[in-house]
Amino acid sequence: MIVQEPVQAAIWHCLNHYDYPDAVFLSERLYAEVKSDETLFLLATAYYRSGKTTQSYDALKERYSLSTQCQLLFGLCAFELEKFAEAEAALVELDDGTKRSLDDIVTDFGDEAPFALVLLGKIGAQTERNPRAAEAWKKALKLNPFLYSAFEELCKIGENPNPNAIFQGENIDNVSMCHGHSVNNIESVIITPANQGEIVENSKFTDFTPYKALTITTNLKPKAITFATPDESPLANPLTMSGLAPIIVRPRKSQKMRNDCRRNEEGSLFISRAKDSIFQNSKPVLSQSSNVPTKTPTGLLNTQPNQNVRRSSRLFSSHSVKENNKSPTRNKFVTPKSPSRKTKQRLTKNISKNFQNLEQGRSETITSDAKTEKNLSNSSGENCIQQAMLLQKHSTDGLMNLLRTIGQAYVALSSYECQTTVQILSSLPLNQFETSWVYCLMGVAYFEMSDYESSIKYFQMVHSQDPHRLECMDIYSTALWHLQKEVALSALAHDLINTNRNHPITWCVSGNCFSLHKEHDTAIKFFQRAVQVDPKFHYAYTLLGHEYITTEELDKAMSCFWNAVRINPRHYNAWFGVGTIYSKQERYSLAEWNYSRALSINPKSSVILCHIGMVQHALKQTDKALATFNRAIANNPKSALCKFHRGSIYFALGRHAEALKELEELKVIVPKESSVYYLIGKVHKKMGNTDLALQYFSWATDLDPKGASSQIKEAFDPAIGLNNDLLESPQTPPTPIYPPGSINLGSEGEMHNHGMIFDGPADDSVDSVFD
């Protein structure tokens, strides 16, 4: 026969110390002996924590309705196994077939309700029920605002929650929803006033469960530990997040303190430092100076060892002294002679009287001490509760303040307000700012603004600070691709392969590396491998689709983009990819619709606006196209792609002075683009500046000998360029070829200083310079 509670304690001990094999073994033995909902939950927990999700699911499948703990764990296992209907049924369905509302979940699940609601929200998001998911996540955050993942999920589905309303300590209805029952209430930890420096804490163990391992009662018991006061604690700093438990200071114990802590284990008297000083300075009951007994607690009159005090010295109170008294007059006292019978009688009476006085003094001492201890305990307890409440408030307010700041930055980034994101994150304290998570957000924000140099700087710090971190490394590789940093990208791919070969980001980074080296077939294989590793990684589909565009496999590219949209409808890069395919197929209306869909998700992207303007120009909506280009350049004044196409439209409309001004500004931004010099030469040719036209054509030839030579011949030989007039009023927009790494987070097709985006045109068309 197995006694249940000790075995349960042993199992939790193994789980808490990461000894999962022994926890599983003991759980199986216990469940074989005692089949109850508690032992079943313990067995399933051991399976789940040891990575055996399927076994945990099988163990709970038939009996998960026994308790809410089992229901939550079964729902989590079913969700991870992608059995979403079963996961939802475990959380909302009752035995009688009725379904729980969100309020019913809060009532039934208790402290586990916020986590059940977070899981229910994930199920709703996976089954394309975003309104239900948002409702569940908002309810979870109301119960427990510490669940930041629910806030992130709301941002990802486009809800844009208000962090100032969510992360407020005053909005917490029930503190146990946030902290559980490890600390039941504010009276569980008593902190003495600072001038006493003593500790009073009582711990009494109750039934051991995973969420209620320690219950602390209000009976006081002295311990040799000291809790810091709110002023001394680092939690007094509003931005310090060390939790709600007071920090324990462990001073060196004196022998006397240890003895005092051992005595009276059940009653546990409150002893202050002031009282200790009284004990230390107390005099013997019978002293040379006075016969009046001193108020001294029982048990503290201990003679020093190895000293024999004569009985007569203790009895003759009027003339006796302590044996160890080092007064120089001690030799004046001599041992009295044997008294007569009358003297003995008087001595007997005096001794009895002295003992009566002694007992009376002792009773007065005990009564007085008891009253003093009671008053000290009451006043100290009230002060300690107030300090504990202040400590808890400081800790909660500090964490809420930090979450509000981070939440504002995350909402701004999810809305592509990148400059706002950078400003908010820069206001964080240095110890919070210099973390990998914040650096990742900074890198993504700069990447969205097409500031690849700054983006790379932050991602480099992330990789240096946390080499095994894979989060956002795919964006880092894309930034390296844009700046043509082959060595850095190859080194990053090598590091990630050594770190984790079974993660999709690793293969995406390797695919971008081979794409940069123009090995497109190999890049496609790596992107396909990323999709195999994680079929739900939408960015891998997007990269694969753009690589297929490079190899002119448009049907396969379209399939990849639709898969990415299916997984994440807010992945605007995939919508942009679909628009790019329709643009290449000259289906401009469909291209404009898909570009507009991408713009509705990321309204700040100058690249998307630029391509919408190109399509509008192809649809002969020239004025509308110019307005779109103006809006794009207002968002990003250094957008080379937008400036080039606006200059092209000015040239086609005969506004040569404006075209020349635009292209001269562009030449400063991208000084090595042959297409820019070629277009400037054509503008000078139209304006009659033949010498300047020849000069710019010559520079274009130097920068791109293969692409520019035929253009120059057609520009100056009327027999070859009979269709120049037609081509200078273009009806079709350019169709840029985008490498797979270029379509990510607002940087699609952006020109850069390395001159790798523009390919020289095969004919004289100004708008075909990207073909």
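**A predicted helical chain: group meeting presentation**

Good morning. I begin with Tyr 18, which lies in the loop between helix 1 (4–16) and helix 2 (20–33). Helices here are DSSP runs of H or I with at least four residues, strands are runs of E with at least two, and both are numbered from the N terminus. Tyr 18 has a phi near 65 degrees, a positive value in a residue other than glycine. Tyr 18 counts as exposed because its relative accessible area is 64%; exposed means over 50%, buried means under 20%, and partly exposed is in between, with a 1.4 Å probe and protein chains only.

A word on the source. This is a predicted model, in which local features need pLDDT of at least 70 and side-chain atom pairs count only at pLDDT 80 or more, while totals for chains, interfaces and linings use all residues. Residues are numbered from 1 along each chain as its sequence is written, and side-chain values use heavy atoms, with hydrogens and water left out.

Now the chain as a whole. The protein chain has 36 helices and four strands. Of its 771 residues, 47% count as buried. Contact means heavy atoms within 4.5 Å. Among contacts between residues at least 6 apart in sequence, 60% join residues at least 24 apart.

Let us turn to helix 6. Helix 6 covers residues 84–92, and seven of its nine residues are buried, so this helix is largely enclosed by the rest of the structure. The buried residues are Phe 84, Ala 87, Glu 88, Ala 89, Ala 90, Leu 91 and Val 92. They pack against helix 5 (68–80), helix 7 (102–109), helix 8 (113–126) and helix 9 (130–143).

A nonpolar core is a set of buried Ala, Val, Leu, Ile, Met, Phe, Trp, Tyr and Cys residues joined through side-chain atoms within 4.5 Å. The largest such core has 174 residues, of which Leu 91, Ile 105, Phe 151, Met 442 and Met 473 touch the most other members. Helix 19 (residues 436–448) gives the most to this core, with nine residues. In soluble globular proteins, nonpolar side chains tend to be buried together. Met 442 touches Val 422, Leu 425, Ser 426, Phe 433 and Tyr 458, leaving out residues up to four places away in sequence.

Which residues does Phe 459 contact, leaving aside its neighbours within four places in sequence? They are Cys 440, Gly 443, Val 444, Cys 472, Met 473, Ile 475 and Tyr 476. Phe 459 itself is in helix 20 (residues 452–465), and it counts as buried because its relative accessibility is 0%. Its C-alpha atom is 6.9 Å from that of Tyr 439, at a separation of 20 residues in sequence.

Cys 472 is found in the loop between helix 20 and helix 21 (473–482). Although Cys 472 is not a glycine, it has a positive phi of about 70 degrees; at 14% relative accessibility, it counts as buried. Tyr 476 lies in helix 21 and is buried at 5% relative accessibility. Setting aside residues up to four places away in sequence, Tyr 476 touches Ile 456, Phe 459, Gln 460 and Leu 492.

Further along is Asn 502, in the loop between helix 22 (486–499) and helix 23 (504–516). Is Asn 502 buried or exposed? With a relative accessible area of 59%, Asn 502 is exposed. Its C-alpha atom and that of Val 533, 31 residues apart along the chain, are separated by 6.4 Å.

Over residues 538–571, the chain is 79% helix and 0% strand, with the end C-alpha atoms 8 Å apart. Over residues 572–605, the chain is 79% helix and 0% strand, with the end C-alpha atoms 10 Å apart.

The C-alpha atoms of Ala 640 and Leu 663 are separated by 9.6 Å, at 23 residues apart along the chain. Thank you.
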